[in-house]
Amino acid sequence: MPHKFAKDMYALLANIPPKDNNGLLAGSRAALVVDAGITPDISRKIQQAAADLVAVPVRYLVNTTYHGDHTFGNAAFPDDVVIVSSQVNKDNMTDPAYQKQTRSGNMHDHAALLDEITVWCAPDLTFTTYAEIDLGGRVVPLHHFSPSNGPGDTMVYVPDTRTAWTGNFLCHTDVAPNAAPGRPPAVWRSAPAWPQAERLSRPTPPAPVRGPRNWTRGWPQP
């Protein structure tokens with residue numbers, strides 16, 4: 001179910017499980033999808049929504065985490081879509097069988113759908129802490145501040161509308177990031193970065209984030 005934030009910017013909200021929320025951003029030359037979904041079928045639905053909502057082709061897919069409910073759909077995107085995430089996320093995409101077993105709990109009695117997943121497609125391009133993707137008239141910064149729910153949590157920020165897709169890094173009000181059972185060390189490691197992440201969506205301008213400018217120079221252009 002799409003929710004429009006601004007011109008060519010949508011939240012793709014989950015309705016029927018198994019599905020996480022996703023995002024869709026577009027500029028004058030290309031579109032970007034945030035997360036791929038947990039199955040190839042979900043991924044195809046996301047791509048159809050993108051085709052219905054924006055006039056430019058999807059050329060980038062950003063994974064906010066390595067977890068299968070965000071990445072198992074990667075392989076269903078065409079070869080000309082560049083998959084982007086933090087290097088840490090890519091480094092953790094090594095055991096698809098274990099990840100399928102772990103994610104079966106997300107499937108709400110539809111775990112057999114995970115049998116469709118035969119390839120776990122890792123990101124094509126990675127970054128360490130900061131990167132930018134130029135969609136044509138809309139530059140989209142990507143941030144990796146610290147470990148949280150996962151070791152490589154990646155955030156997608158849209159400066160012109162002050163909107164951020166934080167993946168699993170931030171949770172609802174009064175819920176600590178990464179408040180998952182058995183992971184208190186990661187909570188404390190990520191704590192110094194919480195203000196940085198929250199600042200992305202505050203109404204006052206965020207502090208400048210330094211990083212390699214024109215980082216995407218040389219990337220495949222749409």
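1. The chain holds 6 helices and 11 strands, where helices (H or I, at least four residues) and strands (E, at least two) are DSSP runs numbered from the N terminus. This is a predicted model, in which local features need pLDDT of at least 70 and side-chain atom pairs count only at pLDDT 80 or more, while totals for chains, interfaces and linings use all residues. Residues are numbered from 1 along each chain as its sequence is written, and side-chain values use heavy atoms, with hydrogens and water left out.

2. Of the 222 residues in the chain, 46% are buried; buried means under 20% relative accessible area, exposed over 50%, and partly exposed in between, with a 1.4 Å probe and protein chains only. Among the contacts (heavy atoms within 4.5 Å) with a separation of 6 or more, 63% are between residues 24 or more positions apart.

3. Helix α1, which runs over residues 40–53, has 14 residues and reaches 20 Å from its first C-alpha to its last, close to the 20 Å expected at 1.5 Å a residue; the expected span is 1.5 Å times one less than the number of residues. Its buried residues are Pro40, Ile42, Ser43, Ile46, Gln47 and Ala50. They cover an arc of only 160° around the axis, which puts them on the same side of α1, the arc being that of the directions from the helix axis to the C-beta atoms. On the other side of α1, Ala51 and Asp52 are exposed. The cover over the buried residues of α1 includes strands β2 (9–12), β3 (22–26), β4 (31–34) and β5 (58–62).

4. Gly73 sits in the loop between α2 (68–71) and β6 (82–86), and Gly73 is buried, with a relative accessible area of 0%. Gly73 and Asp35 are 38 residues apart in sequence, and their C-alpha atoms are 8.2 Å apart in space.

5. The largest nonpolar core has 18 residues, of which Leu25 and Leu142 touch the most other members; such a core is a set of buried Ala, Val, Leu, Ile, Met, Phe, Trp, Tyr and Cys residues joined through side-chain atoms within 4.5 Å. The elements that give two or more residues to this core are β4, β5, β6, β8 (130–134), β9 (139–143) and β10 (155–158). Apart from it lies another core, of 17 residues, among them Tyr10, Ala50, Val58 and Val81.

6. There are 2 aromatic pairs in the structure; rings of Phe, Tyr and Trp (its six-membered ring) pair if their centres lie within 6.5 Å, and planes under 30 degrees apart count as stacked, over 60 as edge-to-face and the rest as tilted. The rings of Phe5 and Trp165 have centres 6.0 Å apart and planes at 80°, so this pair is edge-to-face. Because Phe5 lies in strand β1 (residues 2–6) and Trp165 in strand β11 (residues 163–165), the pair ties together parts that are 160 residues apart in sequence. Phe5 counts as partly exposed at 43% relative accessibility, whereas Trp165 counts as buried at 12%.

7. Phe72 and Trp120 also form an edge-to-face aromatic pair, 5.7 Å centre to centre and with 65° between the planes. This pair links distant parts of the chain, 48 residues apart, with Phe72 in the loop between α2 and β6 and Trp120 in the loop between α4 (96–103) and β7 (125–127). Both Phe72 and Trp120 are buried.
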